[in-house]
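This briefing is for a reader who has not seen the structure before. Please keep the sequence and the 3D view at hand while reading.

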Amino acid sequence: MSRTEGPIAAPEALLSTLAEYRQLHALFAGLDPRHDWARRVAGPPELDLDAVARVERDLEAELTDALLAVLACQVPHLEDHYDMTLGQIAAHTEAAWSRGCPRDQVAVARTQGVFYCVPRRLRPWASTAIAAWADRTLELPRSLEKWIADEPMDGLWDMLCELDLVDPDAHEPVPAHARPDAAPALVPRLVRPVAAAVAAARRALHPKFGAGKVLQEIGDGDARKLVIDFGAPHGVRTLLARFVSELPPGP
């Protein structure tokens with residue numbers, strides 16, 4: 001399969017769910033401005049094109065654009081609680097196969113003894129269904145978007161309630177800064193490693209916030225914005241590019 005750098009074509013419903021799921025992590029900054037989840041979710045939604053090719057080659061699989069979009073978004077709760085990362089797919093799949101999971105399935109996530117599987121070979125544009133496999137039984141599949149909303153995202157919501165970071169009884173339970181419209185439009189992308197490294201090395205200087213690392217660039221012309229991590233105490237800010245000066249690449 002031939003893939004190229006650029007935006008990943010994923011269903012709008014899935015992208016909307018991912019944007020909501022991802023942005024809820026901003027609430028963890030209320031516990032700690034440098035909370036790992038709040039920091040990680042500020043990064044660009046990108047996936048290494050060459051790493052995708054290696055996984056597909058090693059497993060003789062074809063991964064859908066919808067699945068790649070989920071992996072590119074690097075949602076911390078999904079990665080930490082469901083071990084759902086591109087780098088773990090091969091290990092999950094080998095473990096599932098060794099326990100009797102049908103070999104026409106690829107395990108893309110895992111929680112304890114449950115593997116979450118998708119068909120091993122689908123066209124990139126195909127709709128994607130995911131099914132739980134455990135105790136030698138493959139459950140009925142659900143759409144990827146519905147599974148994320150009903151299971152992982154619901155689990156994150158329970159966690160936020162327990163930590164009193166949201167008030168489910170309030171008229172607006174989620175604060176404005178943790179809603180999807182408070183973040184740049186979510187555009188998952190496939191990138192080459194070199195391009196990703198160069199982007200990560202970009203730095204900018206703001207007269208008030210000082211020097212920071214450029215995480216993402218949005219738009220063009222006079223409306224071009226930069227998402228910049230200035231570190232403590234200023235954190236991640238989205239600023240018009242004309243209000244900062246770019247510095248030479250650095251660590």
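The points below go through strands, helices, side-chain pairs and backbone features in turn.

This is a predicted model, in which local features need pLDDT of at least 70, side-chain atom pairs count only at pLDDT 80 or more, and totals for chains, interfaces and linings use all residues. Residues are numbered from 1 along each chain as its sequence is written, and side-chain values use heavy atoms, with hydrogens and water left out.

Helices (H or I, at least four residues) and strands (E, at least two) are DSSP runs numbered from the N terminus. Buried stands for under 20% relative accessible area, exposed for over 50%, and partly exposed for the range in between (1.4 Å probe, protein chains only).

**The open sheet**

- Three strands make up an open sheet with mixed pairing, in the order β1-β8-β2; two strands pair if DSSP finds at least two bridges between them.
- The edges are β1 (6-7) and β2 (46-48), each of which pairs on one side only.
- β2 and β8 (residues 189-191) run parallel and are joined by three bridges.
- Across this pairing, L47 stands opposite L190 in β8.
- Helix α3 (residues 49-59) packs on the sheet and touches β2 and β8; contact means heavy atoms within 4.5 Å.
- The direction of α3 makes about 55° with that of β2, where axes are lines fitted to C-alpha atoms, for helices over the stretch in contact, and angles run from 0 to 180 degrees between N-to-C directions.

**Two hairpins**

- Strands β9 (residues 203-206) and β10 (residues 210-218) run antiparallel and are joined by four bridges.
- Three residues lie between β9 and β10 in their hairpin, and L205 stands opposite A211 in β10.
- β10 is also joined to β11 (residues 225-229), by five bridges in an antiparallel arrangement.
- In this second pairing, E217 has L226 of β11 as its bridge partner.
- The hairpin of β10 and β11 has six residues between the strands, and G219 in the turn has a positive phi of about 75°.

**Helix α4**

- Helix α4 (residues 65-73) is mostly covered, with nine of its nine residues buried.
- D65 lies in this helix and counts as buried because its relative accessibility is 16%.
- Leaving aside neighbours within four places in sequence, D65 is in contact with R3, I8, A9, A10, P124 and W125.
- After α4 comes Q74, whose phi is positive, near 50°.

**Cysteines**

- The model has zero disulfides, a disulfide being a pair of cysteine sulfur atoms within 2.5 Å.
- C117 is in no disulfide, and the nearest cysteine sulfur, that of C101, is 3.9 Å away.
- C117 is buried because its relative accessible area is 1%, whereas C161 is partly exposed at 22%.

**Aromatic rings and charges**

- There are six aromatic pairs; rings of Phe, Tyr and Trp (its six-membered ring) pair if their centres lie within 6.5 Å, and planes under 30 degrees apart count as stacked, over 60 as edge-to-face and the rest as tilted.
- The rings of F115 and W133 are a tilted pair, because their centres are 6.3 Å apart and their planes are at 50°.
- This pair links distant parts of the chain, with F115 in strand β4 (residues 114-119) and W133 in strand β5 (residues 129-134), 18 residues apart.
- F115 is buried at 1% relative accessibility, and W133 is buried with a relative accessible area of 4%.
- Y82, Y116 and W147 are linked into a cluster by ring pairs.
- The charged end of R103 sits over the ring of W97, 4.1 Å from its centre; a charge sits over a ring if NZ of Lys or CZ of Arg is within 6 Å of the ring centre and within 35 degrees of the ring normal.
- R242 lies over the face of F243, at 5.1 Å from the ring centre.

**Backbone features**

- Most residues other than glycine have a negative phi, and most peptide bonds are trans.
- The peptide bond from A232 to P233 is cis, with omega near 5°, and P233 is in the loop between β11 and β12 (236-240).
- D135 is not a glycine but has a positive phi of about 55°; D135 lies in the loop between β5 and β6 (137-138).
- R136 is in the loop between β5 and β6 and has a positive phi near 60°.
- D135 is exposed, with a relative accessible area of 74%, and R136 counts as exposed at 65% relative accessibility.
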